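Here's a quick briefing for anyone meeting this structure for the first time. Take a look, then read on.

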Amino acid sequence: MNDYRVRLYRTCLYQMPAAVGIWCRAGDLEGLDEHFRRKLTAYRGKDVRCITDPVSLDQYLADYVTWLCPVSVVAAAANIAAWHNGPRTGGIIGSLGGEVHAIDEHMVEILPQVWCLSYSGGPGLLLQGSRQAAWKVREFLEYPGKQYTCDEIRAYLKQQKVVTYLYVTDGSGGEGILAGGDGQKEERICLSNNNKLF
């Protein structure tokens, strides 16, 4: 049985396209859509268009997600396409607190059988599955010389019987993707295109 739900939200931060994906327990989903509708555009942090450093942009996203998410959200991902004054993009993924069990710098178990895979420069992936499934997905993502599309990763997740996942790339061009699914619903937000359902 799937105990978790994933939801995606499109927003703008100082007119820059952004997206946020959340991971929560199924029982905590009620009321979250309304919460996010109210808060998504209410953030009054530093004007993101003034940030020129990619690390600072990721920190901005982390601060935004921390501010945005109630305690019932156990993990989240976000990306932004800040094209003002040249292409600057960002993408983050991870746990919003609690004890995590780091396997190494790329793989963390954030909840029992919930894994976070993250790489500098992307992509980032949360998935619910066995340790063996998480390792197979990791090996797939790390195949030398290969960068997979969102659809290829999604197909591999299905092959490994992974139903619940949250996937993020940074916000560069057409590759600024946030995607997720939980067995009830699958969706994808592409920052440079209209929202597309799988």
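Let's start with Lys158, which is partly exposed at a relative accessible area of 47% (buried means under 20% relative accessible area, exposed over 50%, partly exposed in between, with a 1.4 Å probe and protein chains only). This is a predicted model, where local features need pLDDT of at least 70, side-chain atom pairs count only at pLDDT 80 or more, and totals for chains, interfaces and linings use all residues. Residues are numbered from 1 along each chain as its sequence is written, and side-chain values use heavy atoms, with hydrogens and water left out.

**Around Lys158**
- Lys158 pairs up with Glu186 in a salt bridge (3.9 Å, N to O); that term means a side-chain nitrogen of Lys or Arg within 4 Å of a carboxyl oxygen of Asp or Glu.
- Glu186 sits in strand E11 and Lys158 in helix H4, so the bridge ties together parts 28 residues apart in sequence.
- Helices (H or I, at least four residues) and strands (E, at least two) are DSSP runs, numbered from the N terminus.
- Arg154 joins Lys158 and Glu186 in a network of salt bridges.

**Other salt bridges**
- Asp151 and Arg188 also form one (3.0 Å, N to O); Asp151 is in helix H4 and Arg188 in strand E11.
- Asp151 is partly exposed at 40%, while Arg188 is buried at 14%.
- Arg7 and Asp182 meet in another (2.8 Å, N to O), and both are buried.

**The whole chain**
- The chain has four helices and eleven strands.
- Buried residues make up 51% of its 198 residues.
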